[in-house]
Amino acid sequence: MKTDAAPKAEARPGRRNGKPAEQRLAGIAVSPGIVIGTIYDTTEAPAEAPRRDITAEAVETERLKLHDAAALSRKQVSKLKTRLSVLPEEAQEELEPLLDAYILMLGNSRLLRGARKRIGEELLSAETAVQDEAEAIAQAILAAKGDDKAGLNRRAGEVREIARRLCRNLTATPFRSLKGVPAGAILVADELTPADAALLEPGKIAAVATEEGGADGHTAIMLRALGIPAILGCHGLTAAAQRGDMAMLDGGAGLIALHPDATTLARAKEGLAAQARERARLGKLRRLPAETTDGQVVELQANLEIPAELPLIAQAGAQGIGLLRTEFLFMNREDLPDEDAQVEAYRAVIEAMGQDPVTIRVLDWGGEKDMEALAEGVPVATGPNPALGLRGLRLLLKRPHLLEEQFAAILRVAHLGQVRILLPMVTVPSEVAQAREIYERVARRLRRRGEPLPEKLPPLGAMIETPGAALAADAIALEADFFAIGTNDLTMYTLAVDRAEIDVAHLYDPLHPAVLRLMQFATEAALRLRMPVSVCGEMAGNPKLVPLLLGLGLRSLSMNAGSIPRVKQAVRNLDIDDCARFARRVMEQSDPKRIAELVEEFAAKNHEK
């Protein structure tokens with residue numbers, strides 16, 4: 001289904017001087033960037049699932065087939081989730097809720113209940129029942145009243161996507177493979193699903209162009225998050241483009257030129273040069289301090305998901321790692337990593353960072369995160385609300401051997417650099433106190449064993465990511481050595497909004513005054529004790545929100561490495577007194593929309609300077 005109308009194509013087929021003439025096709029601009037490369041076309045054979053009636057005797061067989069296909073589909077989606085850790089943070093934030101929604105739809109959902117009912121009552125084959133039920137649900141969604149047409153289209157598309165996956169599994173039709181795409185290729189396809197987009201390698205695929213899709217879909221959001229230049233909804237593309245054709249794609253203009261002529265290539269090269277100049281301009285910032293116009297120094301650090309991101313951190317000019325998520329050690333494996341394996345992983349990161357600080361967050365695991373090794377080795381009942389259950393520090397205190405082993409591994413390499421340890425999902429001061437007792441006990445044991453620990457143990461900090469922690473920040477500050485405010489979870493818990501829940505995701509708003517007041521409360525609690533405090537959620541990487549964060553008193557921000565140059569640029573244009581006045585205006589507001597308007601107005605005014 002076409003989700004957006006594409007601009008009219010401008011085609012100039014034919015040959016000129018024995019060579020194919022340039023042919024231009026217009027699509028929907030989705031992700032900016034100019035690319036000159038060769039076409040690699042890929043198609044996905046449709047599942048052969050003609051309408052089919054069955055006899056009453058075949059009902060149970062078809063229902064069993066549907067059950068097995070749903071189980072296989074859940075396994076495939078769960079496997080895809082384990083790959084998320086290698087994607088940029090923004091891409092993970094887009095895809096993880098979507099995959100969670102897929103898994104829910106593959107459970108006891110309306111789709112499967114309806115399909116089972118159609119098999120029995122209408123005597124339809126499993127694949128026909130799935131298609132009919134999915135289309136009925138999609139049409140009901142599209143008929144719903146509301147202004148968010150793009151959201152309705154996305155929801156209908158998600159139902160159809162799950163039906164497509166079920167039908168492929170019911171008919172044993174293979175899925176598209178992207179393994180053979182050569183480096184530097186412009187990938188051309190009729191359509192890419194978000195699951196396909198998650199399998200793209202940004203360092204390998206130069207650009208993407210498809211016949212279907214629109215600017216508001218999950219695939220478009222994923223491509224932007226991956227930083228891959230792309231145009232979607234480019235009608236006539238797959239018929240016109242052949243594998244190996246030379247092409248020029250301009251993701252900002254929504255244009256692809258097949259067999260580009262000399263004039264087009266010259267203009268494209270000018271565009272590429274401009275892109276290079278912009279990268280160079282941002283690159284020069286790497287050597288400049290993150291300092292406001294009135295001399296206030298702001299610490300800009302990077303969040304690290306996996307060690308493979310270390311070169312990006314160096315290129316971005318980060319002043320250390322503000323959040324090293326250690327979950328990567330426990331993912332994609334069948335057994336738990338032992339203490340020595342963890343030592344080697346932490347050693348590699350600390351040595352790579354030299355004397356720049358590294359903040360290591362101990363395992364943040366709960367029932368909502370799929371880690372096969374932990375599920376096998378440390379079985380935990382997830383309960384009906386995993387996000388509110390046994391997760392993060394709560395789980396580590398219940399299973400202290402996990403925490404002891406991780407503390408020991410970190411302490412054994414702490415003498416190699418500046419190391420801090422961060423505790424996730426803190427809600428009450430006693431949790432930090434209990435963790436500290438374990439921490440000091442492990443340190444005493446290692447010293448008795450003759451391990452070369454630093455004379456002063458690395459600081460032990462607390463994540464402020466629940467309203468309870470923020471409101472108890474005064475007391476937690478007496479137990480912790482530093483704070484890191486995690487704005488993603490703080491927003492979720494404060495507003496009772498799970499971004500995986502499609503019906504309420506639009507209510508997720510980090511600029512809600514309740515969230516901002518909790519951040520202000522926690523920041524002021526830390527500053528009163530002259531205790532370091534930073535922000536490590538997605539707010540830290542948004543240049544438009546930097547004035548507000550500085551105005552609230554924050555001077556340390558940790559974000560994905562790619563955001564650091566633009567955040568540094570924003571910092572270098574700001575005056576702290578202006579930020580403080582701006583923050584006071586924001587904190588006087590009670591309407592999130594008005595706060596968003598103020599943020600945009602301040603950003604525009606600052607940009608004009």
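## Overall make-up

Helices and strands here are DSSP runs, helices of at least four residues and strands of at least two, numbered from the N terminus. By that count, the chain has 23 helices and 18 strands. The model is a predicted one.

The chain holds 609 residues, and 52% of them are buried. Among contacts with a separation of 6 or more, 68% join residues 24 or more positions apart.

## Helix H4 and its crossing with H1

Helix H4 covers residues 126-142. Its 17 residues reach 24 Å from the first C-alpha to the last, close to the 24 Å expected at 1.5 Å a residue. The buried residues of H4 are Ala-126, Glu-127, Thr-128, Ala-129, Val-130, Asp-132, Glu-133, Ala-134, Ile-137, Ala-138 and Ile-141. Their cover includes H1, helix H3 (110-122) and helix H5 (149-170).

Two packed helices are described by the angle between their axes and the distance between the axes. For helix H1 (residues 59-82) and H4, the axes come within 9 Å and cross at roughly 65°. Angles from 65 to 115 degrees count as roughly perpendicular, so H1 is roughly perpendicular to H4. On the H1 side, the contact is made by Glu-62, Lys-65 and Leu-66; on the H4 side, by Ala-126, Glu-127 and Val-130. Sorted by class, this contact has three nonpolar and three charged residues, and no polar ones.

## Helix H9

Helix H9 (residues 262-284) has 23 residues. From its first C-alpha to its last, H9 reaches 32 Å, close to the 33 Å expected at 1.5 Å a residue. At the N-terminal end, H9 is capped by Asp-261, which has a side-chain oxygen 3.2 Å from the backbone nitrogen of Thr-263.

The buried residues of H9 are Thr-264, Ala-268, Gly-271 and Leu-282. These residues pack against four strands and a helix: strand S3 (23-26), strand S5 (34-42), strand S9 (246-250), strand S10 (255-258) and helix H21 (564-572).

## Thr-523 in helix H19

Is Thr-523 buried or exposed? This residue belongs to helix H19, which runs over residues 513-528. The relative accessible area of Thr-523 is 0%. Buried means under 20%, so Thr-523 is buried.

Apart from neighbours within four places in sequence, Thr-523 is in contact with Ile-485, Val-533, Leu-552, Gly-553 and Leu-554.

Note on methods. Residues numbered from 1 in each chain as written. Predicted model: local features only at pLDDT ≥ 70, side-chain atom pairs only at ≥ 80, totals over all residues. Heavy atoms only, no water. Buried < 20%, exposed > 50% of the residue type's maximum accessible area, 1.4 Å probe, protein only. Contact = heavy atoms within 4.5 Å. Axes fitted to C-alpha atoms, helices over the stretch in contact; angles between N-to-C directions. Parallel < 35°, antiparallel > 145°, perpendicular 65-115°, else oblique. Nonpolar A, V, L, I, M, F, W, Y, C, P; charged D, E, K, R; others polar. Expected span 1.5 Å × (residues − 1). Polar contact = N/O pair within 3.5 Å; in protein donor to acceptor, adjacent residues only side chain to side chain.
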